[in-house]
Amino acid sequence: MPTPSQRMIELGIAQEGAAVLARPATTFTLPAETPEARQVVARLRATMSRVASVHPFAKGMGLAAPQIGVGRAVAVVRAPDGTELVLVNPRVVDQSPESDEQFEGCLSFFDVRGLVRRPTRIEVAHQDVDGRSVVAAFRDGLARLVAHEIDHLEGRLYRERMPPGVEVIPVSVYRGTGSDWSYGAAGRAADQRAAEGR
């Protein structure tokens with residue numbers, strides 16, 4: 001039986017160590033490159049649908065263009081409620097001083113989960129595929145999903161954000177799959193149980 005990472009390889013997801021994941025993505029010049037942006041978004045959506053057919057994503061999911069081998073600055077995020085966000089040339093322009101730590105997974109090294117600290121609120125400036133500029137605020141789990149994808153577009157994996165000395169845990173041990181993000185004391189307790197395999 002294939003491992004989670006092997007399954008992602010079969011579905012066309014670039015894996016940790018691929019050069020395209022380690023360098024900043026090239027921004028789109030919009031609207032001049034709108035056709036190219038639309039093509040990449042279509043590929044991202046198709047790949048996400050394939051991935052979602054083999055793995056549940058109760059916390060939502062995201063995919064950045066470098067993860068399908070395309071070094072361009074666009075990502076698609078699907079919230080737990082199914083709402084879809086297309087982020088072209090996104091960048092974080094503000095963030096809350098409040099932050100929390102939760103476990104994240106990444107399709108580019110899907111055999112493990114890692115504890116990552118992120119702000120609980122971010123503001124992101126981005127464009128739609130036609131070049132219209134937007135500044136949007138995201139909170140809690142959605143902020144985490146968006147920030148994770150922006151990291152990919154900057155050539156960064158979540159391992160770089162993990163606390164010093166903290167290691168990833170095997171997905172076979174992690175018990176948070178299938179549950180939504182949780183915040184506050186209940187969230188910390190749930191993360192502890194997930195890490196301990198309870």
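1. Start with Cys106, which sits in the loop between strand 4 (99-104) and strand 5 (112-119); strands are DSSP E runs of at least two residues and helices H or I runs of at least four, numbered from the N terminus. This is a predicted model, where local features need pLDDT of at least 70 and side-chain atom pairs 80 or more, while totals for chains, interfaces and linings use all residues. Residues are numbered from 1 along each chain as its sequence is written, and side-chain values use heavy atoms, without hydrogens and water.

2. Cys106 counts as buried at 2% relative accessibility (buried is under 20% relative accessible area, exposed over 50%, partly exposed in between, with a 1.4 Å probe and protein chains only). Setting aside neighbours within four places in sequence, Cys106 is in contact with Gln67, His148, His152 and Tyr158 (heavy atoms within 4.5 Å).

3. An unreviewed UniProt entry puts a "binding site" at Cys106, His148 and His152; such annotations may be inferred rather than shown by experiment, and positions follow the numbering used here, with feature names shortened. These residues span 47 residues in sequence, yet no two of their C-alpha atoms are more than 10.1 Å apart, so they gather at one spot.

4. Now for His152, which belongs to helix 3 (residues 140-153). His152 is buried too, with a relative accessible area of 1%. Beyond its neighbours within four places in sequence, His152 has contacts that include Leu21, Ala64, Pro66 and Leu157.
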